[in-house]
Amino acid sequence: MTGETSNNLIERCKNILLKPKEEWERIDPEPATVSGLMTGWVVPLAAIGPVAGLIGGLVFGYGGFGITYRPSITAALTGAVLGFVLTVLCAFLLAKIIDALAPSFGGQKNSVQAMKVAAYSGTAAYLAGIFQLIPALWILGILGLYSFYLLYLGLPRLMKAPEDKAASYTIVTVVVAIVLFFVVGVVTTALTGMLAPRAMTYGSDAGTLSGEVSVPGVGKVDLGKLEEASKKMEAAAKRAETATPVDRQALAALLPASAGGWTRTALESSSASAGGMGGSQAEARYEASGQNVRLKVADLASAGAFAAMASAFKVETSREDDQGYEKSGLIDGRYTMEKWNKDGRGSYGVLLADRFLVEAEGNAPDIGTLKALVGAIDTGKLEGLAK
């Protein structure tokens with residue numbers, strides 16, 4: 001990939017994420033070919049997730065509740081290659097389906113435009129694959145849901161669907177995309193399960209749909225919230241255009257010297273930015289009665305604005321076995337993530353103002369202790385730091 005091509009790709013990624021409406025307007029009339037879109041956009045971006053997963057698996061391993069599994073190099077490489085091939089294939093198949101469905105919703109068949117929709121709307125999902133590099137960042141994979149919003153904006157415009165049928169066209173395509181996502185997940189992770197649409201009903205208006213779809217690796221997604229979610233997503237995108245990371249020292253100042261009998265023994269902070277995107281964080285270690293917990297405050301800045309996708313689609317996850325449980329979802333309007341191992345280790349995190357993550361993780365008497373440590377952070381002051 002030449003330097004100019006690389007710069008163009010980065011610039012388009014940035015624009016489609018932060019200024020999607022304007023970017024779709026530019027994309028619409030651009031000359032292109034199906035093969036050019038596949039090789040110039042889908043292939044390089046689709047490789048991000050598999051490569052990150054390969055490295056993350058070999059370096060950190062997979063697992064939870066204190067149990068870690070590291071695959072062999074052969075197994076990890078095979079899974080990465082297979083995942084890459086299937087991801088590229090899914091983009092091609094989604095384009096074919098978008099094109100085939102167009103006449104049914106008053107749109108115009110056009111294989112190149114359909115490929116543009118499939119390729120560019122998948123940008124957020126492709127980029128979110130980078131979080132597979134570090135298992136602790138798994139929750140940030142929800143940012144890939146922003147691709148639903150990109151699809152919502154681009155599909156009707158590029159396929160020339162009339163306004164009264166645009167919602168139906170988009171909803172059906174979203175369901176198809178979820179099914180394809182599910183297929184990739186099943187094949188590449190060898191997990192068993194079934195995509196389970198629940199209580200999915202169509203009203204007298206063909207443009208409405210309600211119900212939930214369970215997506216392995218994501219959880220329950222409420223498709224009936226598409227219209228409502230689009231407004232939240234648009235607001236998040238606008239905030240992302242101007243969001244800048246809070247100074248790391250300001251975050252560090254929010255971590256108390258002691259809380260609930262726990263004493264702070266170490267404190268560090270860091271920040272980074274690239275391509276107009278950045279973030280900062282502060283982390284402290286606390287000890288009490290021979291146990292230790294890490295309390296972290298992170299500002300995801302521009303990227304964090306897209307965390308509104310989780311609440312917008314009311315994403316919920318839940319898993320329990322004889323070792324412990326993990327779950328995530330909305331509580332009092334805030335997205336929370338909770339894990340607990342019956343051996344006494346867990347984590348509890350809260351997403352604030354769609355950009356700040358406060359998380360406590362480590363050994364503790366119970367999950368309530370971790371919640372109390374998170375509660376020791378002055379959330380009002382933290383949210384007030386948003387720019």
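Predicted model: local features only at pLDDT ≥ 70, side-chain atom pairs only at ≥ 80, totals over all residues.

User: How many Å apart in space are Q132 and I55, C-alpha to C-alpha?

Analyst: In sequence, Q132 and I55 are 77 residues apart. In space, the distance between them, C-alpha to C-alpha, is 8.5 Å.

User: Which kind of aromatic pair do W24 and Y120 form?

Analyst: The structure holds four aromatic pairs. In the one made by W24 and Y120, the ring centres are 6.4 Å apart and the planes stand at 75°. Planes over 60 degrees apart count as edge-to-face, so the pair of W24 and Y120 is edge-to-face.

User: How many residues apart in sequence are the parts that W24 and Y120 tie together?

Analyst: W24 belongs to helix 2 (residues 20-27), whereas Y120 belongs to helix 6 (residues 111-121). Both W24 and Y120 are buried.

User: Which residue has its charged end over the ring of Y120?

Analyst: Y120 also belongs to a cluster in which ring pairs link it with W24 and W41. Over the ring of Y120, 5.2 Å from its centre, sits the charged end of R12.

User: What kind of aromatic pair do F105 and Y169 form?

Analyst: The centres of the F105 and Y169 rings are 5.3 Å apart, with 5° between the planes. F105 lies in the loop between helix 5 (73-101) and helix 6, and Y169 in helix 9 (residues 163-189), so the pair ties together parts 64 residues apart in sequence. Planes under 30 degrees apart count as stacked, and the pair of F105 and Y169 is stacked.

User: Is F105 buried or exposed?

Analyst: Its relative accessibility is 14%. The limit for a buried residue is under 20%, so F105 counts as buried.

User: How is helix 6 oriented relative to helix 8, roughly parallel or roughly antiparallel?

Analyst: Helix 6 and helix 8 (residues 146-159) have axes 9 Å apart and pack at an angle of about 165°. An angle over 145 degrees counts as roughly antiparallel, so helix 6 is, relative to helix 8, roughly antiparallel.

User: Which residues in helix 8 do those of helix 6 meet?

Analyst: Helix 6 passes helix 8 in a right-handed crossing. On the side of helix 6, the residues in contact are Q113, A114, K116, V117, Y120 and S121. In helix 8 they meet S147, L150, L151, G154, L155, L158 and M159.

User: Which residues does T123 touch, not counting residues up to four places away in sequence?

Analyst: T123 is found in helix 7. It is buried, with a relative accessible area of 0%. Not counting residues up to four places away in sequence, T123 touches C13, I16, W41, L45, S147 and L150.

User: What is the phi of K160 near?

Analyst: K160 has its place in the loop between helix 8 and helix 9, and at 36% relative accessibility it counts as partly exposed. Its phi is positive although K160 is a residue other than glycine, with a value near 60°.

User: Is S289 buried or exposed?

Analyst: S289 lies in the loop between strand 8 (277-288) and strand 9 (291-299). It is not a glycine, yet it has a positive phi of about 55°. With a relative accessible area of 79%, S289 is exposed.

Notes. Residues numbered from 1 in each chain as written. Heavy atoms only, no water. Phe/Tyr/Trp six-rings, centres within 6.5 Å; stacked < 30°, edge-to-face > 60°. Helix = DSSP H or I, 4+ residues; strand = E, 2+ residues; numbered from the N terminus. Buried < 20%, exposed > 50% of the residue type's maximum accessible area, 1.4 Å probe, protein only. Lys NZ or Arg CZ within 6 Å of the ring centre and 35° of its normal. Axes fitted to C-alpha atoms, helices over the stretch in contact; angles between N-to-C directions. Parallel < 35°, antiparallel > 145°, perpendicular 65-115°, else oblique. Left-handed = near helix turned anticlockwise from the far one by under 90°. Contact = heavy atoms within 4.5 Å.
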